[in-house]
Amino acid sequence: MNTKDQQGMAKKRLAVLVGCNYPNTRNELHGCINDVLAMKETIMSRFGFKEDDIEVLTDEPESKVKPTGANIKASLRRMVGKAQAGSGDILFFHYSGHGTRIPSVKSSHPFKQDEAIVPCDFNLITDVDFRELVNQLPKGTSFTMISDSCHSGGLIDKEKEQIGPFSVSSNISPDMETTNKTITSRALPFKEVLDHLSSLTGITTSDIGTHLLELFGGDAGLKFRLPAMDLMDLLETMTARERHVDSGILLSGCQADETSADVGVGNGKAYGAFSNAIQRVLKENEGALKNKQLVMMARDVLERLGFHQHPCLYCSDQNADATRFCSNLGMSNQTVKAAQESVQKSEEFDIRRSPISIAAAIIYIITQLSDDKKLLRAWYAKGEEDLKNLQTP
């Protein structure tokens with residue numbers, strides 16, 4: 001469902017959803033694909049995304065397009081390429097999978113390490129790659145990223161921290177719902193990433209960039225393709241751009257120095273703790289949520305369930321208070337469903353034959369969205385029959 005901005009331009013809602021379970025490997029997870037399939041259902045049923053505007057990449061054996069580093073970046077670039085300046089288009093990226101940290105070339109970095117996600121082929125996508133992507137956004141659009149992965153805090157380089165390590169959550173006694181569940185960290189230590197890449201290249205070096213360039217060439221991340229001085233110059237340019245309106249919004253599953261949990265539940269569906277918390281918050285709150293509200297509520301859910309991870313929010317001051325992704329198109333769940341039913345009903349009337357048909361569709365929509373449905377439905381029932389009689393050739 002496309003909406004329109006104040007200038008009357010069509011507003012698109014575009015999404016890329018990525019789930020990496022790394023099946024049949026020592027790094028296997030179990031809930032990542034479930035996370036993105038659940039998110040796909042949510043953004044379609046609640047937020048008006050169209051299936052044709054959603055690209056899903058998973059590493060299921062039957063998947064035709066695997067979530068490699070190159071494929072993920074290509075999908076993100078295609079999504080950005082569809083966005084139009086001044087349209088208010090909403091771009092959404094959900095990633096569930098492993099995360100890692102690598103040595104940083106930035107002298108001012110507080111942890112001396114950079115954050116990255118781990119695609120199924122280990123072609124790392126770093127915070128610098130996401131910063132470059134955000135900088136390509138047309139003016140008046142937004143890019144919301146949910147990363148349910150370890151060390152995900154700060155995954156968009158230079159993005160302002162709104163809710164971080166020192167933000168206070170409510171004082172909630174955990175009910176330890178994690179009992180009798182299998183908890184796996186969605187973290188891959190740097191050494192494990194390095195050892196895996198070394199086994200593929202046969203090169204003995206601790207420089208991860210050497211391995212990535214050997215394996216992936218021009219598809220390797222920006223951080224690894226540029227000399228250190230050129231990269232620092234690029235980051236300075238990015239910092240200058242950031243002084244203007246920044247459209248990147250990151251909801252991370254944990255802080256940069258924390259891990260995110262992958263939860264197995266026996267015969268039930270496995271899931272990511274953060275993804276599950278987001279789903280719970282959305283289910284319990286039908287109205288529009290600000291980004292900072294969503295993150296703090298997810299923190300509360302995780303704390304209540306006994307998880308030791310703290311979701312964070314990185315974005316501009318303006319976007320911290322924006323609803324953007326969680327706007328429900330300005331409608332409640334019930335109203336969204338009513339509008340969808342109205343559209344389907346209106347298709348029964350051939351609006352090309354008579355303006356009366358348009359009136360019939362409008363009447364139906366009014367009855368669906370009105371609080372006084374009983375009176376209007378009775379009036380509509382009679383009016384619909386009259387209008388159909390008028391339409392008869």
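Student: Is F122 buried or exposed in this structure?

Tutor: F122 is buried, with a relative accessible area of 4%, where buried means under 20% relative accessible area, exposed over 50%, and partly exposed in between (1.4 Å probe, protein chains only). This is a predicted model, in which local features need pLDDT of at least 70 and side-chain atom pairs count only at pLDDT 80 or more, while totals for chains, interfaces and linings use all residues. Residues are numbered from 1 along each chain as its sequence is written, and side-chain values use heavy atoms, with hydrogens and water left out.

Student: Where is F122 found, and what is its phi?

Tutor: F122 is found in the loop between β7 and β8 (125-126); helices (H or I, at least four residues) and strands (E, at least two) are DSSP runs, numbered from the N terminus. Its phi is near 70°, a positive value in a residue other than glycine. H151 also has a positive phi, about 55°, although it is not a glycine; H151 is found in the loop between β9 (142-148) and β10 (161-163) and is buried, with a relative accessible area of 11%.

Student: How many salt bridges does a search of the whole structure find?

Tutor: Side chains of opposite charge can pair when their charged atoms come close. A salt bridge is counted when a side-chain nitrogen of Lys or Arg is within 4 Å of a carboxyl oxygen of Asp or Glu, and a search of the whole structure finds eleven. One of them joins the side chains of R186 and D35 (3.0 Å, N to O). That pair links distant parts of the chain, with R186 in the loop between β11 (182-185) and α4 (190-201) and D35 in helix α1 (residues 32-45), 151 residues apart. Both R186 and D35 are buried.

Student: Which residue forms a salt bridge with D114?

Tutor: The partner of D114 is K223, and the closest N and O atoms are 3.2 Å apart. Because D114 lies in strand β7 (residues 113-117) and K223 in helix α6 (residues 222-225), the pair ties together parts that are 109 residues apart in sequence. D114 is buried, at a relative accessible area of 0%, and K223 is buried at 9%.

Student: Which residue forms a salt bridge with D321?

Tutor: D321 pairs with K292, the closest N and O atoms being 2.6 Å apart. D321 lies in the loop between α10 (317-320) and α11 (333-346) and K292 in helix α9 (residues 291-304), so this pair ties together parts that are 29 residues apart in sequence. D321 counts as partly exposed at 35% relative accessibility, and K292 counts as partly exposed at 35%. Elsewhere, salt bridges that share partners join D35, D148, R186 and D262 into one network.
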